[in-house]
Amino acid sequence: MSAQYVSTRGLAPARSFSEILLEGLAPDGGLYLPQEYPQLTAADLDRLGGILREEGYAALASQVLALFIDDVPELDALVRDTYTTDNFADPAIAPVTWLSPELGLAELSHGPTLAFKDMAMQLLGAFFEDALSRRGETLTILGATSGDTGSAAEYAMRGRAGIEVFMLSPHGRMTQFQQAQMFSLMEENIHNIAVEGVFDDCQDLVKAVSADLDFKRRHRIGTVNSINWARMVAQVVYYVATWLQARDAGADRISVAVPTGNFGNICAAHVARRMGVPFERLLLATNENNVLAEFFETGHYRIRSGAETHQTSSPSMDISKASNLERYVADLLDRDTERVADLFGRQLRETGEFDLSADSAWARVREDGFVAGSSSHADRLAAIQWAWSEHDRMIDPHTADAITVARRLQLPGETIVAMETAQPVKFGETIREALDRDPVRPAAYEGIEELPRRVQVIDNDLAKLTALIENR
Ligand SMILES: Cc1ncc(COP(=O)(O)O)c(C=O)c1O
Ligand SMILES: N[C@@H](CCOP(=O)(O)O)C(=O)O
């Protein structure tokens, strides 16, 4: 019997992992979740700690993923071929290093595009190719990016048989480096589309295309954003690895500080915690686009329009509609699918907000470990300057959001590991402003901004997008 995944909105049939891998968004507009989270006991964590120490990250990933995936015959081989030094610059893949005994950094950006998205996307590329070749099918991946998902997906999928990628990005809102990373790719199966709008507009277009079930089936549309559960489960692994490394370093009360925008990164931390990884707290960090911090502080979730979405110096988190919050609210409401469908399928669409503060379930948010904070441009510059001057570490602006919130909210006796989500070179403008120097640039990226580019700019218009896909 295959592991079963169900939609947060309860109106789609249960599916196996390989089915939801290719399907992405559920046909009822909800997001897939496993029927139940597998549980890890203290003895399991001890065993996994031994595996990480003795065999490394790939072996740990294989064990954790096998708890969720039972219909990928070559799972172990695919995982071991992914987390290698060919793909990741550090043999530990996601090492935790320490600024002080109480503040660590989980280094998640050693992959080919220098951001944490590679941690999942490299595996997704292997999963897609394997599933498609077993079924003799093809896939058209439609994605939305604010800067990092796009390059990670394109690098993972370029040249892969049977896969085409259409990646939507907000026109003019990514850094020069991020634009160059994506737009300089010339592979025939990669299509870059810059949309006149913000990231949320791009994501809405992806969801609108997925909601047209006939179009979706005819064009075999799949997704690579964190709305696809496969992204989430691959990210759960690095939270297990982070906790194990912090415990091995002697930490007792271990929390994570997580920069988040689409609620993907911290949703994976929540899943790990619900599985039994005993994180004390999950510190949610946003930039000025603070819809998530506001929700976790007040219970009131109010999405913002494109015009109200700030263009910030941690641009990959310029997001005002956090897709994965639906997964967390489903857990918070004990999988009450009717409520979730009403909140996300009706109320949010009709009014742009909902308020759970008076709900009896709301207290559970603190039991789930969530606390939240947001930071400003000045906070980011100060965190980058602090890490550099006090610890000789150059951090990117998103990691700086996490460090800001960690330092602000840290409790006595608590050890916080901040998730380091990108390398500073992707955000050179802000690094120069903070430190008056250039970030280190890996040799493979020398002169990337000067390369020819291939990108098409379109209005925020569903018909224009579907025509592009039809006429490819
Ligand atoms: C560098 C970086 N850090 C953090 C995040 C937050 O991740 P998520 O939106 O999945 O929570 C993103 C993307 O949003 C990112 O690109
Ligand atoms: N930060 C992302 C946008 C969120 O995308 P997701 O794929 O994590 O849902 C980006 O850099 O593109």
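Tutor: Let's start with one pair of residues. Glu107 stands opposite Glu420 in β14. Keep in mind that this is a predicted model.

Student: Okay, and which strands pair there, over how many bridges?

Tutor: That is β4 with strand β14, residues 414-420. The two pair in the parallel sense, over five bridges.

Student: What about β4 and β3, parallel or antiparallel?

Tutor: Antiparallel, with four bridges joining β3 to β4. A hairpin of two residues links β3 to β4. In that pairing, Trp98 has Gly104 in β4 as its bridge partner.

Student: How many of the residues of β4 are buried?

Tutor: Four of the five residues in β4, which covers residues 103-107. So β4 is largely enclosed by the rest of the structure.

Student: How do β9 and β10 run?

Tutor: Parallel, with four bridges between β9 (residues 253-259) and β10 (residues 282-286). Ala257 stands opposite Leu283 in β10.

Student: Switching topic. What does UniProt place at Lys117?

Tutor: An unreviewed UniProt entry gives "modified residue: N6-(pyridoxal phosphate)lysine" there. In the model, Lys117 is found in helix α5, residues 117-135.

Student: Is Lys117 buried or exposed?

Tutor: Buried. Lys117 has 33 other C-beta atoms within 10 Å, and 20 or more is enough to count as buried.

Student: What is Lys117 in contact with?

Tutor: Asp148, Thr149 and Ala152, leaving aside neighbours within four places in sequence.

Student: Now the ligand. Which residues come nearest to ligand 1?

Tutor: Thr260, Asn262, Gly264, Ser316 and Thr421, out of 17 residues around ligand 1. Helix α11, residues 264-275, gives the largest share of the shell, three residues.

Student: And the shell by class?

Tutor: The shell has 10 polar, six nonpolar and one charged residues.

Student: Back to sheets. What's the order in the one with five strands?

Tutor: β8-β5-β6-β7-β15, an open sheet with parallel pairing. The edges are β8 (221-222) and β15 (456-458). Each has a single partner strand, so one side of each is left without a neighbour in the sheet.

Student: How many bridges between β7 and β15?

Tutor: Three, between β15 and strand β7, residues 190-195. Ala194 stands opposite Val457 in β15.

Student: Which helix packs on that sheet?

Tutor: Helix α6, residues 149-157. It touches β5 (139-144), β6 (163-170) and β7. The direction of α6 makes about 165 degrees with that of β6.

Key. Residues are numbered from 1 along each chain as its sequence is written. Chains are lettered from A and ligands numbered from 1 in the order in which they are written. This is a predicted model: local features need pLDDT of at least 70, side-chain atom pairs count only at pLDDT 80 or more; totals for chains, interfaces and linings use all residues. Two strands pair if DSSP finds at least two bridges between them. A residue is buried if 20 or more other C-beta atoms lie within 10 Å of its own, exposed if 12 or fewer, and partly exposed in between; C-beta atoms are placed from the backbone. UniProt positions are given in the numbering used here, feature names are shortened, and annotations may be inferred rather than shown by experiment. Two residues are in contact if their C-beta atoms, placed from the backbone, lie within 7 Å. A residue is near a molecule or strand if its C-beta atom, placed from the backbone, lies within 6 Å of it. Ala, Val, Leu, Ile, Met, Phe, Trp, Tyr, Cys and Pro count as nonpolar, Asp, Glu, Lys and Arg as charged, and the others, Gly among them, as polar. Axes are lines fitted to C-alpha atoms, for helices over the stretch in contact, and angles run from 0 to 180 degrees between N-to-C directions.
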